[in-house]
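Q: Could we go through this one together, a piece at a time?
A: Gladly; have a look at it first, and then ask away.

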Amino acid sequence: MSLDVSRIRKDFPIFTRTIRDGKKLIYLDSGATSQKPQVVIDAEVEFYSKHNAAAHRGAHQLAEEATELFEASRETVAAFLGAQSSEIIFTKSATESLNLLAYSFSNAEPGSKFAIGPEHSIVVTEMEHHANLIPWQQLAKRSGAELKWFGVTSNGRLDESNIDSLITSQTKIVAITQQSNVLGTINNLDNIINRAHSVGAIVIVDACQSVPHLAVNVQKLGADFLAFSGHKALGPTGVGVLWGRSELLKDLPPFLFGGSMIENVTMTDATWAEAPRRFEAGVPNMAQVIGLAAGIKYLQNVGMEEIHQHETVLTEYLLKELGSIDGVSIVGPLDTALRGSTVSFTVEGIHPHDLGQYLDNAGIAVRTGHHCAWPLTRSLGVPATTRASLYLYNDISDLDALILGVIEAKKYFG
Ligand SMILES: Cc1ncc(COP(=O)(O)O)c(C=O)c1O
């Protein structure tokens with residue numbers, strides 16, 4: 001295994017604690033939120049202890065320091081994604097990033113490239129997290145646009161067979177996940193992006209489950225907007241990122257209005273600042289943004305290729321061992337080609353909530369339920385699953401604990 005996991009775990013203070021009466025913490029819920037290395041915690045504490053002031057406001061030293069740290073963090077995120085720093089917008093979460101976009105489309109002037117109406121369609125997929133589905137459902141309702149979607153095959157891949165009838169000259173937006181938070185499927189987006197661009201549609205990528213685990217370069221990806229949450233990528237909660245292509249951000253109308261996003265204001269009107277400030281109304285989440293930059297630097301030091309490799313080896317093992325237990329069904333691709341380290345499964349005769357509780361008693365943290373992807377789990381006929389989601393601090397011993405836990409749960413529940 002390429003990563004020195006015992007070394008890495010020392011950087012994450014939470015792994016020094018025990019769980020449920022002295023048991024080792026086996027954290028297999030990084031798809032929900034990742035654990036935080038000490039450098040991230042320190043970055044937030046350091047900001048509040050030494051530099052706290054409102055960035056981009058005030059003419060004093062602290063405000064200057066806060067601004068410098070905040071903007072340096074923007075540069076760190078931009079370099080991580082292969083973007084320009086003016087293309088990085090800080091939000092409070094990926095959910096907010098995606099809602100920001102949906103409302104910005106609503107605010108577009110008639111005739112502008114973002115204006116959307118009953119003559120248009122919005123294309124999503126059946127494997128979206130609710131955060132990349134409901135904002136588009138609501139935009140479709142507000143605008144009268146038609147909502148269309150790619151289906152999912154029984155082996156958990158996107159069904160692209162009807163791409164030409166789904167993405168047509170009427171399509172305004174294609175909003176799609178790069179990696180499913182339920183199935184672990186990684187979508188090769190090339191075909192969809194090419195097709196969308198050939199008809200003039202704008203492509204929005206939900207990268208919540210990909211950016212923390214894979215090297216994602218927005219130039220290579222070729223989409224128009226991309227969103228992810230800091231807290232799944234070692235960063236603090238309360239910070240999300242929206243990347244947008246500069247030529248689009250230049251004309252995109254704002255969503256939230258208030259301080260710092262303006263160029264000029266009178267009693268009856270206002271004009272807008274350039275991006276990214278136009279989309280960052282109000283005092284930003286400075287400590288969280290700075291904490292995210294520390295998390296990203298940590299990931300870069302370990303290496304995104306190495307992290308992906310490490311997770312692939314673990315996933316291969318988990319799919320094989322878990323899948324060979326009688327009564328266990330993996331929900332999602334069974335091989336590691338174009339697949340991430342999120343493994344959802346069901347166990348015949350045991351409700352996922354019961355299994356989750358049983359595993360929790362053994363110190364094993366997994367997620368159970370519909371994972372905020374209700375249409376997907378419903379279409380697969382498995383309203384709830386148990387989900388193990390891995391990260392750089394997991395090793396084979398964590399997986400062995402899970403496998404043993406499932407075997408024992410089967411005995412316990414008869
Ligand atoms: C694929 C995907 N998209 C969007 C989100 C929403 O992220 P957040 O709740 O941090 O806004 C999640 C969170 O689980 C996710 O897994």
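Predicted model: local features only at pLDDT ≥ 70, side-chain atom pairs only at ≥ 80, totals over all residues.

Q: How many salt bridges does the count come to?
A: The count comes to 14 salt bridges. One of them links R245 with D224, where the closest N and O atoms are 3.4 Å apart. R245 is in the loop between β11 (240-244) and α9 (246-249), and D224 is in the loop between α8 (218-221) and β10 (225-229), so this pair ties together parts that are 21 residues apart in sequence.

Q: Are R245 and D224 buried or exposed?
A: Both R245 and D224 are buried. For another setting, take K320 and E321, whose side chains meet in a salt bridge at 3.3 Å, N to O. K320 is exposed, because its relative accessible area is 58%, and E321 counts as partly exposed, because its relative accessibility is 24%.

Q: Changing topic, what is the volume of the largest pocket?
A: The largest pocket has a volume of about 410 Å³. It is lined by 20 residues, and those closest to its centre are Q178, L214, A215, V216 and N217. The elements that contribute two or more residues to this lining are α3, α8 and α11 (304-323). By class, the lining of the largest pocket holds 11 nonpolar, six polar and three charged residues.

Q: Where does Q178 lie?
A: Q178 lies in the loop between β8 (171-177) and α7 (190-198). Q178 counts as buried because its relative accessible area, 8%, falls under the 20% cut-off.

Q: What is Q178 in contact with, leaving aside its neighbours within four places in sequence?
A: With those neighbours left aside, the contacts of Q178 are T185, I186, N187, L189, V205, D206, A207, S210, V216 and L221. One of these contacts, V216, is also listed among the residues closest to the centre of the largest pocket.

Q: And what about the second largest pocket, which residues lie nearest its centre?
A: G31, H129, C208, Q209 and K232 lie nearest the centre of the second largest pocket, out of 19 residues that line it. Its volume is about 250 Å³, and its lining comprises six nonpolar, nine polar and four charged residues.

Q: Where is H129 found?
A: H129 is found in the loop between β5 (121-125) and α5 (134-143), and H129 is partly exposed, with a relative accessible area of 25%. Apart from neighbours within four places in sequence, H129 is in contact with N181, D206, H371 and C372. H129 and T95 are 34 residues apart in sequence, and their C-alpha atoms are 9.8 Å apart in space.

Q: What is the strand order in the open sheet of eight strands?
A: The order is β4-β11-β10-β9-β8-β5-β6-β7, and the pairing is mixed. The edge strands, each pairing on one side only, are β4 (88-91) and β7 (158-159). β10 and β11 run antiparallel and are joined by five bridges; S229 has G240 in β11 as its bridge partner.

Q: Last topic, the backbone: which peptide bond is cis?
A: The peptide bond from A275 to P276 is cis, with omega near 5 degrees, and P276 is found in the loop between β13 (270-272) and α10 (286-302).

Q: What is the phi of S260, and what about L338?
A: S260 has a positive phi of about 75 degrees although it is not a glycine, and L338, likewise a residue other than glycine, has a positive phi near 45 degrees. S260 is in the loop between α9 and β12 (262-265) and counts as buried at 16% relative accessibility. L338 is in the loop between β14 (328-331) and β15 (342-347) and counts as partly exposed at 46% relative accessibility.

Methods:
Residues numbered from 1 in each chain as written. Heavy atoms only, no water. Helix = DSSP H or I, 4+ residues; strand = E, 2+ residues; numbered from the N terminus. Buried < 20%, exposed > 50% of the residue type's maximum accessible area, 1.4 Å probe, protein only. Contact = heavy atoms within 4.5 Å. Salt bridge = Lys/Arg side-chain N within 4 Å of Asp/Glu carboxyl O. 1 Å grid on protein atoms, 1.4 Å probe; cavity = no way out; pocket = protein on both sides within 12 Å on 5 of 7 lines; lining within 4 Å. Points joined across faces, edges and corners; volume = space filled by probe spheres on them. Nonpolar A, V, L, I, M, F, W, Y, C, P; charged D, E, K, R; others polar. Pairing = 2+ DSSP bridges.
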